[in-house]
Amino acid sequence: MKTSIQDTPSLQGKISAEEWRTRIDLAAAYRLVALMGWDDMVYTHITAKIPGPEHHFLINPYGMMFDEITASSLVKVDLAGNVVMDSPFPINPAGFTIHSAVHAAREDAGCVLHTHSVNGVAVSAQADGVLPISQQSIFVLSSLGYHDYEGVALRDDEKPRLVRDLSNNNFFMLRNHGLLTVGQSVADAFMAMYTFESVCMIQVRAQSGGGRLTMIDPAIIATSAQQVTKGMGSGALNWPGLLRRLDRRSPGYER
């Protein structure tokens with residue numbers, strides 16, 4: 001690729017303050033995913049809706065590592081996959097298929113985060129999916145959908161089934177593929193993924209011990225939605241601290 005991230009001119013002051021803030025948060029999420037070890041080279045995506053009536057959203061420049069992405073290098077597209085602001089970078093059609101389907105169907109989808117983490121894919125390959133074996137799991141089980149694998153997501157005809165299976169859930173397991181979360185903000189989607197990834201890591205480790213697993217009482221699972229409201233809180237509670245950590249470990253995302 002001829003153009004590098006470092007050569008990308010800053011968009012600060014050339015776009016609305018709301019879009020610039022969204023760009024900073026989304027670039028931060030990409031860097032945090034890399035720090036957490038959830039990235040898959042240049043694959044998978046996080047998208048964020050730009051405030052306003054245009055239904056534009058931001059996606060990563062395809063071919064750049066997650067720890068390289070900056071606010072100004074993110075690519076602005078519409079729901080038809082058209083790049084609506086000049087950019088030297090391409091986007092990944094497979095990433096666009098999944099994310100555009102969710103953004104088009106869910107007005108509350110301010111951010112959609114998708115990963116191919118080792119733990120997430122491992123659990124997505126299990127017939128029973130997420131097991132109720134940890135406190136974290138009840139938060140996920142309160143709002144979880146599943147979608148059967150149909151191959152690499154390149155076909156538009158898969159979109160209705162993705163939307164149907166996601167429904168109003170905020171956690172989505174793509175079987176044999178990975179994890180996806182939906183949040184009203186970048187912070188919310190990131191914290192949902194943190195919980196989802198933790199659930200999968202705990203499950204894989206618990207299963208590796210070979211012993212009998214203790215399942216949480218179904219009566220507790222039935223009230224999990226109310227417990228989530230009181231127990232998880234907003235992603236905004238953790239976001240300032242995460243950005244401070246990022247400033248120390250991966251500076252430059254906000255340019």
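Student: In which helix does H99 lie, and what makes that stretch a helix?

Tutor: In this predicted model, H99 lies in helix α2, residues 93–105, where helices (H or I, at least four residues) and strands (E, at least two) are DSSP runs numbered from the N terminus. Residues are numbered from 1 along each chain as its sequence is written, side-chain values use heavy atoms with hydrogens and water left out, and local features need pLDDT of at least 70, side-chain atom pairs count only at pLDDT 80 or more, while totals for chains, interfaces and linings use all residues.

Student: Why is H99 called buried?

Tutor: Buried means under 20% relative accessible area, exposed over 50%, and partly exposed in between, with a 1.4 Å probe and protein chains only. H99 has 0% relative accessibility, and therefore counts as buried.

Student: What makes the pairing of the side chains of H99 and T47 a polar contact?

Tutor: A polar contact is a pair of N or O atoms within 3.5 Å; within protein, one must be able to donate a hydrogen and the other to accept it, and residues adjacent in sequence count only if both atoms are side-chain atoms. The side chains of H99 and T47 are joined at 2.7 Å.

Student: Which residues does H99 contact, leaving aside neighbours within four places in sequence?

Tutor: With contact meaning heavy atoms within 4.5 Å, H99 is in contact with H45, I46, T47, V112, L113 and H114.

Student: Where is H45, and why does H45 count as buried?

Tutor: H45 is placed in the loop between α1 (17–36) and β1 (46–49), and because its relative accessibility is 3%, H45 counts as buried. Its side chain makes a polar contact of 2.8 Å with that of N60 and another of 3.3 Å with that of N92.

Student: What makes a set of residues a nonpolar core, and which have the most contacts inside the largest one?

Tutor: A nonpolar core is a set of buried Ala, Val, Leu, Ile, Met, Phe, Trp, Tyr and Cys residues joined through side-chain atoms within 4.5 Å. The largest has 53 residues, and Y30, I46, V130, M173, F190, F196 and W239 have the most contacts inside it. A second, separate core of 11 residues includes V102, A109, L166 and V182.

Student: How do you know that strands β5 and β6 pair?

Tutor: Two strands pair if DSSP finds at least two bridges between them. Strand β5 (residues 144–147) is joined to β6 by 4 bridges, and the two run parallel; L144 has F171 in β6 as its bridge partner.
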